[in-house]
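Let's take a friendly walk through some helix contacts and aromatic rings. Have the sequence and the 3D view ready as you read.

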Amino acid sequence: KEKRMEGVMEENTERGTSVAVKGEAAIKPEFLTTKEKFHDLIDSEWQGCKGETTGESDTPEEVKDTSVGEPEPKRVKLDPEEEKKVEKTDRKRFRGQNKSRPHTKPTTYEEKRLCLSVIQKRECTFGDKCTFYHDVAAYMASKPADIGERCYLYETFGKCEYGLTCRFSKEHTTPDFQTTEKEDLVKAFEGRTLTKNNLSKDLQFRLRKRSVAFKKSEEYLKTLSNNKDKKRHHGNVLVYDLGSENSTYNPPPVKTLGPLTDADVTKLRPCEKKQVDFRDKLYLAPLTTCGNLPFRRVCKRFGVDITCGEMAMCTNLLQGHQSEWALLKRHESEDLFGVQVEGCFPDTMTRCAELINTYADVDFVDINSGCPIDLVYKKGGGCGLMTRTRKFEQIIKGMNHVLDVPLTVKIRTGVQEKSSIAHKLIPEMKTWGVSMITLHGRSREQRYTKLADWDYINTCAELASPIPLFGNGDILSYEDAVKARETGVSGIMIARGALIKPWIFTEIKENRHWDISSSERLDILKDFTNYGLEHWGSDTRGVEKTRKFMLEWLSFMCRYIPVGLLERMPQKINERPPYYMGRNYLESLMASQNVGDWIRISEMLLGPVPKNFIFLPKHKANAYK
């Protein structure tokens, strides 16, 4: 195998010195190769490498059947006249998301499951109508083979709550199908809550029946409805409508007692709110799909200071959707944690804030006013809030009224590429009561096609002072972070950079480039696997859910180029990697942009994929169109 790798590298060296291609990262010429040679090596060596890793010799046919080809090479920008000739469908083909991708529920990977009553050792409430297995021997005979001999949950916590359904059940199952426990570990974790912000059945029932009281929200919303027809908003000046002859001045809706109102007295004063020091911290951006709890735990290990849950829709939270509440979950290792909510109306956002304030343990709440996707923007949420300043002001003031924790806002430069409006909005947000602002240096129209404008972020940071402003965009190395901090921002938020290389937080704190080995990167994926099995479960459903989120992450992680292979450091986030051979087979495999190879990596850690397994990445990756 090593001779074969050396032969390929010698051929690449004979090709000549590396030629700088626009949009491609500069890699040492001895590592460069072609697409055909790259995949020839990966496919030919996979069988032996897989046998060494998992003890299996045959490559599953499912990998070949379910793999999706790589994105086509990035097209060179055409002249305006030639660009018009390109069909509209072709231009959009490799942009945005794979919206029509197949969604396979993890439950479909098991033909028939073991009844929960058997696992919990209680009587089944469905009786003869139950469609699940009650015969343990019959279930064990039909159950897929175990993935491994060691159960992470059993070794860590002393017991595995998934019992016989666990895909690592051999370690904690006796020959007569009884589950065992480690009493010392069970006692050590007794009474300890590792994950907070779970949705209770009682709260879910009351939310669905709309019987949850929102007293503080109703107080605030009442003032909005009373003032709706009595005043118009002009900038920072409130002008009463006295245009007609018959109009009369109406007193304020709240009785006044001297210089203070009753609302002022009962309202929590800013000095009584929980204070959070955001300055000079590293902030992991709230990342849809990939920013799940296991991934945030990985980033915490590498030194991130602030973590935030994935964007949650306020209406879904108010309706008690279990899947939406799952986005609010917080691990005990997340010492500074917030949640991000999205909405476009003051009533729902204010009630949602009060709901989170009462039933969740968070350090801050963030408003997403930077989401560019059509589904959110067309309803007036996300970036749409930046152009609806009246509603935006009502939302911020309403949420501030009901929250005991700081309220933060994430925005973009604006909606249109050549019409930035963040610098006009930031001075107003200071008066509305925002505790911190995060600015992504791109407009909605730009998405990720151009570099973030850090000069504009610097201008906005000066306008925001003394309120902390975090900058976000294009940070992939500690050098990028040093340049970003020179702009005067209070801190930096990292999004795609953390997905490509989660150890970026260690690099920034230690001011160095880390030439991380492929085995170390595989260990990171092993940690993610263990965290995923703990979070989603070690049964078939949990295993496949962990695999799905790992594959979503690998669609970003494959863009990383090892430091030792770079001809020019550091790697830039807008530079796509050319085809190259790694210093060993695993490094080459991790560089593949082929979905089938990502599935192979997942099989090293989670066993073979089911027969009906299908995966298509969520993002088409505009940088690789």
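## A buried pair of rings

Tryptophan 432 has a relative accessible area of 5%, so it is buried (buried means under 20% relative accessible area, with a 1.4 Å probe and protein chains only). Phenylalanine 392 is buried too, at 0%.

Before going on, note that this is a predicted model: local features need pLDDT of at least 70, side-chain atom pairs count only at pLDDT 80 or more, and totals for chains, interfaces and linings use all residues. Residues are numbered from 1 along each chain as its sequence is written, and side-chain values use heavy atoms, leaving out hydrogens and water.

## Aromatic pairs

Rings of Phe, Tyr and Trp (its six-membered ring) pair if their centres lie within 6.5 Å; planes under 30 degrees apart count as stacked, over 60 as edge-to-face and the rest as tilted. By this rule there are 12 aromatic pairs. In one of them, the ring centres of phenylalanine 392 and tryptophan 432 are 6.0 Å apart and the planes stand at 65°, so this pair is edge-to-face. Phenylalanine 392 belongs to helix H18 and tryptophan 432 to helix H19, so the pair ties together parts 40 residues apart in sequence. (Helices are DSSP runs of H or I with at least four residues, numbered from the N terminus.)

Tryptophan 536 and phenylalanine 549 make a stacked pair, with 4.7 Å from centre to centre and 10° between the planes. Tryptophan 536 sits in helix H24 (residues 518-536) and phenylalanine 549 in helix H25 (residues 540-557), so parts 13 residues apart in sequence are tied together. Elsewhere, Phe278, Tyr283, Phe364 and Phe470 form one aromatic cluster.

## H18 beside H19

Helix H18 (residues 389-402) and helix H19 (residues 422-432) pack at about 30°, with their axes 10 Å apart. (Axes are lines fitted to C-alpha atoms, for helices over the stretch in contact, and angles run from 0 to 180 degrees between N-to-C directions.) That makes H18 roughly parallel to H19 (angles under 35 degrees count as roughly parallel, over 145 as roughly antiparallel).

## H11 against H16

How do the axes of H11 and H16 cross? Helix H11 (residues 215-227) and helix H16 (residues 346-359) have axes that come within 9 Å and cross at roughly 155°. That makes H11 roughly antiparallel to H16.

Conventions
Helices (H or I, at least four residues) and strands (E, at least two) are DSSP runs, numbered from the N terminus. Angles under 35 degrees count as roughly parallel, over 145 as roughly antiparallel, 65 to 115 as roughly perpendicular and the rest as oblique. Buried means under 20% relative accessible area, exposed over 50%, partly exposed in between (1.4 Å probe, protein chains only).
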